[in-house]
Amino acid sequence: MGSLEKAATAATNAVKGTHVLSVQSENGGQVWEVQLARPDGTEQLMEVDASGDVVSKPRTKDTGKGEKTRVMGIIKDAELSFDDVVKKVSSAVPHGKITHISLDRYTDKVLVWDVDVLTPDGAWHGLKIDARTGTVDKTG
């Protein structure tokens, strides 16, 4: 299990009943900022180090009712979980390291996991994975 997966697992264990919305590498992957969503759409942010230790207490992101409703819709509509997407990325970009992954709906109403991946040779790859069908679009 890589540090990204450890960070996501530590965060969801720290705030039970949540779903991963995003994981962002900071300090060269030494720290991960994890954004979680509760079933009511409340967003939580926390930092987790590469070994999976929570280094900041979960803090609630101050959003309004409209944003909470939007987040609840995203959670409900996503058929691919965070773990499903990490497996798809491993197949699409072997030996790649995810530096950013986030779930969001775009203006055309398509729900995607947006992923940035670096390969050992330093090449960047951007992936958009349809959160309903699992279709992978890759750039880079």
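Mentor: Contact means heavy atoms within 4.5 Å. The model is predicted, with pLDDT of at least 70 needed for local features and 80 or more for side-chain atom pairs, while totals for chains, interfaces and linings use all residues. Residues are numbered from 1 along each chain as its sequence is written, and side-chain values use heavy atoms, with hydrogens and water left out.

Trainee: With which residues is E43 in contact, leaving aside its neighbours within four places in sequence?

Mentor: With that exclusion, E43 is in contact with L21, Q35, L36, R59, T60, K61, T63, E67 and V71. The C-alpha atoms of E43 and T69 are separated by 11 Å, and the two residues are 26 apart along the chain.

Trainee: Where is E43 found, and does it count as buried or exposed?

Mentor: Helices (H or I, at least four residues) and strands (E, at least two) are DSSP runs, numbered from the N terminus. E43 is found in strand β3. Buried means under 20% relative accessible area, exposed over 50%, and partly exposed in between, with a 1.4 Å probe and protein chains only. E43 counts as buried because its relative accessibility is 2%.

Trainee: How is a sheet to be read, and what is the order of the strands in this one?

Mentor: Strands of a sheet pair through backbone hydrogen bonds, either parallel or antiparallel. Two strands pair if DSSP finds at least two bridges between them. Here 8 strands form an open sheet with antiparallel pairing, in the order β4-β3-β2-β1-β5-β6-β7-β8. At the edges stand β4 (59-61) and β8 (136-139); each has a single partner strand, so one side of each is left without a neighbour in the sheet.

Trainee: How are angles between these elements defined?

Mentor: Axes are lines fitted to C-alpha atoms, for helices over the stretch in contact, and angles run from 0 to 180 degrees between N-to-C directions. Neighbouring strands of this sheet are turned against each other by 25 degrees on average, direction ignored. Helix α2 (residues 65-77) packs on the sheet and touches β1, β2, β3, β5 and β6 (111-118). The direction of α2 makes about 110 degrees with that of β5.

Trainee: How many bridges join the individual strand pairs?

Mentor: Strands β2 (residues 31-37) and β3 (residues 43-49) pair over 7 bridges in the antiparallel sense, and L36 has Q44 in β3 as its bridge partner. β1 and β2 also pair antiparallel over 7 bridges; there, V31 in β2 is the bridge partner of E26. β1 and β5 run antiparallel and are joined by 3 bridges, with Q24 opposite H100 in β5. Strand β7 (residues 124-130) pairs with β8 over 4 antiparallel bridges, and I129 stands opposite V136 in β8.

Trainee: Finally, how is a pocket found, and which residues lie closest to the centre of the largest one?

Mentor: On a 1 Å grid over the protein atoms alone, a pocket is an open set of points where a 1.4 Å probe fits, with protein on both sides within 12 Å along at least five of seven lines; lining residues have an atom within 4 Å of a point. Grid points are joined across faces, edges and corners, and a volume is the space filled by probe spheres set on the points. The largest pocket holds about 250 Å³ of space. It is lined by 15 residues, of which H19, V20, S81, F82 and D83 are the closest to its centre. Helix α1 gives the most to this lining, with 4 residues.
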